[in-house]
Amino acid sequence: MILLVVVHSAAIQDRDGAKLVLERIVGVFPRLKLIWADGGYAGALVDWVASLASWVLEIVKRTDNARCFVVVRRRWIVERTLAWLNHYRRLSKDYEYHTSSSEAWIYVAMTHVMVRRLQPSQKPKYGLRLKPG
């Protein structure tokens with residue numbers, strides 16, 4: 001499994017941040033055909049993605065007539081992953097000064113999550129102790 005992370009300043013708009021990620025994955029995932037994104041990524045980004053690598057950027061939106069909470073197809077995958085990351089203290093707040101440090105901690109946390117899932121007999125534990133004891 002390959003994981004790619006890009007952390008950027010809050011001054012960069014989400015659609016522009018998506019371009020940073022997508023430019024880095026060209027050629028890394030040769031079987032990639034479809035990318036799901038929420039409504040914030042609609043617009044010109046859809047065409048840009050198609051011209052970049054012939055991928056389809058499908059916008060996953062909630063229905064406009066929903067009056068209560070409705071699970072949006074595929075959106076829960078993103079929310080679940082963000083929830084996993086929030087179990088790690090260093091990622092629960094913005095502690096890092098450099099974006100490269102934040103990226104490194106996300107790699108550490110997600111590697112821990114993935115390794116724990118390889119052993120399904122144990123209940124997944126979150127958080128990472130860097131010091132014994």
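How much accessible surface does the protein chain have, and what share of it belongs to carbon and sulfur atoms? The accessible surface comes to about 10,000 Å², and 57% of it belongs to carbon and sulfur atoms, with areas taken from the Shrake-Rupley method with a 1.4 Å probe. This is a predicted model, in which local features need pLDDT of at least 70 and side-chain atom pairs count only at pLDDT 80 or more, while totals for chains, interfaces and linings use all residues. Residues are numbered from 1 along each chain as its sequence is written, and side-chain values use heavy atoms, with hydrogens and water left out.

The protein chain holds 5 helices and 2 strands, where helices (H or I, at least four residues) and strands (E, at least two) are DSSP runs numbered from the N terminus. Their order from the N terminus is α-β-α-β-α-α-α.

| Helix | Residue range | Residues in the contact |
|---|---|---|
| Helix 1 | residues 14-25 | R15, A18, K19, L22 and E23 |
| Helix 2 | residues 44-53 | L45, W48, V49 and L52 |

By class, this contact of helix 1 with helix 2 has 6 nonpolar, no polar and 3 charged residues; Ala, Val, Leu, Ile, Met, Phe, Trp, Tyr, Cys and Pro count as nonpolar, Asp, Glu, Lys and Arg as charged, and the others, Gly among them, as polar.

Elsewhere, S102 is found in helix 5 (residues 99-117). S102 counts as buried because its relative accessibility is 12%, and buried means under 20% relative accessible area (1.4 Å probe, protein chains only).

Terms used. Axes are lines fitted to C-alpha atoms, for helices over the stretch in contact, and angles run from 0 to 180 degrees between N-to-C directions. Contact means heavy atoms within 4.5 Å. Buried means under 20% relative accessible area, exposed over 50%, partly exposed in between (1.4 Å probe, protein chains only).
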